Amino acid sequence: MPLALPNAISAALDSRADAPYFEVTWSDTDTEARGYLVIDRMVRGLCSGGLRMRAGCGLTEVRGLARGMTLKEAIHFEPGARYVPLGGAKGGIDFDPYHPGAEGVLFRYLAAMRPLIEQRWTMGEDFGVRQEAVDRAIRHVGLSASVQAAYRVVPDLDASRARMSTAFGTVVDGVALDELVGGYGVALAALAALRHTGASPEASTAFVQGFGSMGGATARYLVHAGVRVVGIADVHGVVANPAGLDVERLLRTRTPGGELDRTQLRAEDTTLPGEAWLTVPADVLVPAAASYGIDAGNHDRVAASVIVEAANMPVTPDAERALHARDVVISPDFLANSATNAWWWWVLFGDIDGTAAASFAKISERITALSEQMFEHSRRHGVSPRTAAFALASEHLEEISRRYPAL
Ligand SMILES: NC(=O)c1ccc[n+]([C@@H]2O[C@H](COP(=O)([O-])OP(=O)(O)OC[C@H]3O[C@@H](n4cnc5c(N)ncnc54)[C@H](O)[C@@H]3O)[C@@H](O)[C@H]2O)c1
């Protein structure tokens, strides 16, 4: 029985193959917060996946995200590379990340998960959680790094640490490299999708929902490629300009949590309510905020002909079927937004040296090649790009299972 796709995982697991390897629920001692950790698969006793915080985050969502991580790891399998993909996992906390008590909740959750982070679960930031806060919490509970479980399979730890310190100490035009790599990959996935539809970047426009790590960097690199970014949404609403927004200025002045500074808008920019994010005319729509934003109730309002999933699981399966039927091309999360995760491992295991130049070159080469393989498979077999990418990842997953033990 094949695995269910991440966005199709339901509360009642459909098959044994869909059952995660491990899952736990945590209840905070000081607030009403609940947290989850789902390990979908292990490879060599290791799994990888970030931690998100949002009010309403539930176990089904975290299961889907953990499955997505399994696919995101597997799709980057390259025989002969130093990085051997890990299993997939995800943490989720049901709590408002803007609440003043959010950091305390994060610290207590990570203290509870300490033994797993020490030995099995390599983790980092995700929606609503900042890597800087994760790093402080990790030191607070007496660990050295949020990815330290992987250290036992790293051949030369000192060299590895030196590369990581280069990577995490690099800032490119005012933004830290680790906050850029994911969105850089999304922008490349968008360019590949535009090529697939026969459109040129210079003649195309984009709307980005979310202006944090992923959305901010995606917007920057779409602009670099010649695409006009005509709208951006954050948690407070939409800013738009059909002639293009000044993305660099908005990047320089956003808050660390990705909130736009509306005092920086120019006279010709407009503000719109949040629900306008689907309908502002743009060729490319990049959901880079929460999951499940495009569903059965609103897919008919999507104005774009290309959707590139910077967020995890932003499109529900029923919405995707309807969008596919009207030829909207969707580049799926486990390929389009996979660069952050793969980049950590390319640096840690030594496939790249951690400099900005090597990082951008590797991401460009891999995301472009994988996107092209996906679109080629999709054309040849008449299936959606997600089904095509899933076939690619599943093939790699089988090869990984043959070569490496789970534990
Ligand atoms: N950070 C990563 O490395 C990474 C990697 C792969 C995938 N992702 C996925 O990308 C998405 C965004 O992650 P991030 O790390 O950029 O998050 P972030 O916390 O840095 O930023 C989130 C952004 O979304 C905005 N936002 C929140 N609620 C919104 C709403 N209802 N409407 C519009 N905007 C809203 C916030 O204002 C902020 O601009 C998540 O789905 C995450 O799982 C993140």
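Reader: At what angle do the axes of helix α6 and helix α7 cross, and how close do they come?

Author: This is a predicted model. In it, the axes of helix α6 (residues 181-197) and helix α7 (residues 213-224) cross at roughly 50° and come within 7 Å.

Reader: What makes the contact between α6 and α7, and which classes of residue are in it?

Author: Contact means heavy atoms within 4.5 Å. On the α6 side are Gly 182, Gly 183, Tyr 184, Val 186, Ala 187 and Ala 190, and they meet Met 214, Ala 217, Thr 218, Tyr 221 and Leu 222 of α7. By class there are eight nonpolar, three polar and no charged residues. Gly counts as polar here.

Reader: Which residues of α11 and α12 meet, and how do they divide by class?

Author: Ala 339, Trp 343 and Trp 346 in α11 meet Ser 359, Lys 362, Ile 363, Arg 366 and Ile 367 in α12. They divide into five nonpolar, one polar and two charged. Lys and Arg count as charged.

Reader: What makes α12 and α13 roughly perpendicular?

Author: α12 and helix α13 (residues 385-403) pack at an angle of about 115°, with their axes 8 Å apart. Angles of 65 to 115 degrees count as roughly perpendicular. α12 and α13 are therefore placed in that class. α12 passes α13 in a right-handed crossing.

Reader: Which residues make the contact of α12 with α13?

Author: From α12 come Leu 370, Gln 373, Met 374, Phe 375, His 377 and Ser 378, and from α13 come Pro 385, Ala 388, Ala 389, Ala 391 and Leu 392. By class the contact has eight nonpolar, three polar and no charged residues.

Reader: How do you know which residues line the second largest pocket, and how many are there?

Author: A lining residue has an atom within 4 Å of a point of the pocket. The second largest pocket has 29 such residues, and Gln 131, Glu 132, Asp 135, Phe 168 and Asp 178 lie nearest its centre. About 600 Å³ of space lies in this pocket. α4 gives the most to the lining, with five residues. By class, the lining has 12 nonpolar, nine polar and eight charged residues.

Reader: Where is Ala 55, and what is it in contact with?

Author: Ala 55 is in the loop between β4 (51-54) and α1 (59-74). Neighbours within four places in sequence aside, Ala 55 is in contact with Asp 94, Phe 95, Asp 96 and Pro 97.

Key: Residues are numbered from 1 along each chain as its sequence is written. This is a predicted model: local features need pLDDT of at least 70, side-chain atom pairs count only at pLDDT 80 or more; totals for chains, interfaces and linings use all residues. Side-chain values use heavy atoms; hydrogens and water are left out. Axes are lines fitted to C-alpha atoms, for helices over the stretch in contact, and angles run from 0 to 180 degrees between N-to-C directions. Helices (H or I, at least four residues) and strands (E, at least two) are DSSP runs, numbered from the N terminus. On a 1 Å grid over the protein atoms alone, a cavity is a set of points where a 1.4 Å probe fits but cannot get out, and a pocket is an open set with protein on both sides within 12 Å along at least five of seven lines; lining residues have an atom within 4 Å of a point. Grid points are joined across faces, edges and corners, and a volume is the space filled by probe spheres set on the points. Angles under 35 degrees count as roughly parallel, over 145 as roughly antiparallel, 65 to 115 as roughly perpendicular and the rest as oblique. A crossing is left-handed if the near helix is turned anticlockwise from the far one by less than a right angle, and right-handed if clockwise.
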